[in-house]
Amino acid sequence: MSKYLINSNAIQPSFQFPLSFVYEDSIAKDDISRTVKEVVEGVNIFKFVDLSHRNSYGYDGMKMLECVLLAFALKGYSSVRELEDLCKYDIRFQFIMDGQTPSHMAFHRFIHDDLLMPVENLFIEFNKYFESHDDIDTDVLYIDGTKFEANANKMTFVWMKATKKFREKRWQKITERISSFNRYCQDESIPLRLSILKEFSFEYLDKITKIIEDLMKQKNIERKSGKGQRKHQLQRFLEGFEEDVEKILRYATYYTIADGRNSFSKTDRDATFMHMKYDYYNHTHVFKPGYNVQMGSSDGYIRHVYISSDANDVNTYIPFMEGYHLAYGKHPGKTPADAGYGSYDNYSYCKENGIELYMKYSSYKKEQEKISDKNRFKSYRMHPDKNGQIVCPQGKEFIFEKETIDTNGRYEKTIRHYRNEHCMVCPLRSRCTKARNGRMLKINEKLIRYQKEVSVNLSTEEGKELMKQRSVQAEGIFGQIKQDKKYARLCRRGKLGVKMELLLVSIGHNLRRYHVRRKLSQNALLA
């Protein structure tokens, strides 16, 4: 090597002026890349994202953001390596980046360092931009939920019921081990006795191991291992308690991670095991680690996203709506949803915040069926009449017994208890009830009034149209994301990473929606 090149640095030559004009004529005037640039430049990005340090990475932050959003708009989801290839071979990305080709690590740093925290604010700002530039009926919010499989390895599940059982068995082993150790100390005249506690903690067991280690040092007992080596009894006790320390600490960690959930994955600790559809022919209802994702849409735009570890949709409605109100400062007027969201608490929340009741309840479809010999014994067929009387299919009246207050939910419920005293001699008893003292009914009159209001609202022409649009829009969005864009499994791990990923997917979907609607309106004007 020449002596003149020893202390020199290789410099990649580049043009010092933008090359976007080179690609300008090659990009169609109605291409989605131009729409993305228009939207990103029309939103005040710098209110939420500090891109001043991006020059130290070598690339302009606004252009990087435009590339990321364009990729998500085109593909549904795009990895950082796909972003790198797109900047090399796709003329639309070369148009945005002025011919620069960031590496996948540059995109990773940009997404992880700059977009992780403010992406939710950006999502809201983009939606406000779409609302101001398009005719969106935000008074109606169609809600639906789906489960996305987490990026977790196989056989990484932790079931809390099994953990509780193993912990109880370990507790019994510890009790027996302490009793055995106390007997050993008594036989060997060692002035030491361990207490048997009702609940063994990691700290207490760790203290025991240190006591035994000190005792072995006093007696000059060395720890032995390997084939042909006979272990001292104290060493056996020490190894047993060390195993107990490890197990108790592991179970305590599991309880902390689960935080009230019934399961989680060791790979993605925020993911919960849920029933998921594998296919339509076999392997249905298999357990997989995943997240319950709620999305609310208006006119095909995703307005709000909520990620939950609860497999049941009914518990997600109120936090979903509170997040929507926090984002936009108001509640929608109508929230059509399926029967998975109909509950007393959810209806009460709607009444409290001026939301009309368009959410089905679990027995709604059954109530629409004609009364038959099979369903006339169901409890939803036995509601109080105008006079407050409840009559069974045999014509016998239920008698009011007591009234209780249920405070388990968010809103207090008044439950009225009724009993039928004629069941003992009723010829239809075997088909109606198995109760020894007569059939019992628990009636929440306020919930019945809510359900009647839902039934009336859904029977109107507006209600029928809203439920039809809910199937088209809310479920259609999941169909476009999962089926059309082949995005059914999450790529990032942890609740923060998953939320950022789904929000980017939602922004990409909204950009596609805005682009298509704008093209349709422009074509309509030209026609």
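Strand S7 (residues 399–406) and strand S8 (residues 413–419) pair in the antiparallel sense, over 7 bridges. This is a predicted model. The two strands form a hairpin, with 6 residues between them.

S8 leads on to a helix. Helix H12 has S8 among the elements that cover its buried residues, and that cover also includes H11 and helix H15 (445–459). How many of the 9 residues of H12 are buried? The count is 7, so H12 is largely enclosed by the rest of the structure. The buried residues are Tyr 344, Asp 345, Asn 346, Tyr 347, Ser 348, Tyr 349 and Cys 350. After H12 comes Gly 354, with a positive phi near 70°.

Now take H11 against H12. Helix H11 spans residues 317–328 and helix H12 spans residues 344–352. Their axes are 9 Å apart, and they pack at an angle of about 25°. Angles under 35 degrees count as roughly parallel, and H11 and H12 are therefore roughly parallel to each other. From H11, the contact uses Tyr 317, Ile 318, Met 321 and Glu 322. From H12, it uses Asp 345, Asn 346, Tyr 349 and Cys 350. By class, this contact has 5 nonpolar, 1 polar and 2 charged residues.

The largest nonpolar core has 65 residues. Which of its residues touch the most other members? They are Ile 45, Leu 69, Phe 126 and Phe 130. Helix H3 (residues 61–75) gives this core its largest share, 10 residues.

Leaving out residues up to four places away in sequence, Phe 126 touches Val 39, Val 40, Val 43, Ile 45, Leu 69 and Ile 507.

Phe 126 also takes part in a helix contact. Helix H2 (residues 32–42) packs against helix H7 (residues 119–133) at an angle of about 110°, and their axes are 10 Å apart. That makes H2 roughly perpendicular to H7. On the H2 side are Glu 38, Val 39, Val 40 and Gly 42. They meet Phe 126, Tyr 129 and Phe 130 in H7. The residues of this contact divide into 5 nonpolar, 1 polar and 1 charged.

Leu 511 sits in helix H17 (residues 495–526). Is Leu 511 buried or exposed? Leu 511 is buried, because its relative accessible area is 1% and the cut-off for buried is under 20%. Leu 511 and Val 36 are 475 residues apart in sequence. In space they are 6.9 Å apart, C-alpha to C-alpha. Setting aside neighbours within four places in sequence, Leu 511 is in contact with Val 36, Val 39, Leu 69, Ala 73 and Phe 130.

Finally, some loops. Most residues other than glycine have a negative phi. Met 155 is not a glycine, yet its phi is positive, about 55°. Met 155 lies in the loop between strand S1 (142–149) and strand S2 (157–159). With a relative accessible area of 68%, Met 155 is exposed. Lys 486, also a residue other than glycine, has a positive phi near 55°. Its place is the loop between helix H16 (461–484) and H17. Lys 486 is exposed, at a relative accessible area of 65%.

Thr 101 is found in the loop between helix H5 (91–97) and helix H6 (104–115). Thr 101 counts as partly exposed, at 38% relative accessibility. Where do its contacts lie? Not counting residues up to four places away in sequence, Thr 101 touches Tyr 59, Cys 87 and Lys 88. Thr 101 and Glu 84 are 17 residues apart in sequence, and their C-alpha atoms are 6.8 Å apart in space.

Conventions
Residues numbered from 1 in each chain as written. Predicted model: local features only at pLDDT ≥ 70, side-chain atom pairs only at ≥ 80, totals over all residues. Heavy atoms only, no water. Core = buried A, V, L, I, M, F, W, Y, C linked by side-chain atoms within 4.5 Å. Buried < 20%, exposed > 50% of the residue type's maximum accessible area, 1.4 Å probe, protein only. Helix = DSSP H or I, 4+ residues; strand = E, 2+ residues; numbered from the N terminus. Contact = heavy atoms within 4.5 Å. Axes fitted to C-alpha atoms, helices over the stretch in contact; angles between N-to-C directions. Parallel < 35°, antiparallel > 145°, perpendicular 65-115°, else oblique. Nonpolar A, V, L, I, M, F, W, Y, C, P; charged D, E, K, R; others polar. Pairing = 2+ DSSP bridges.
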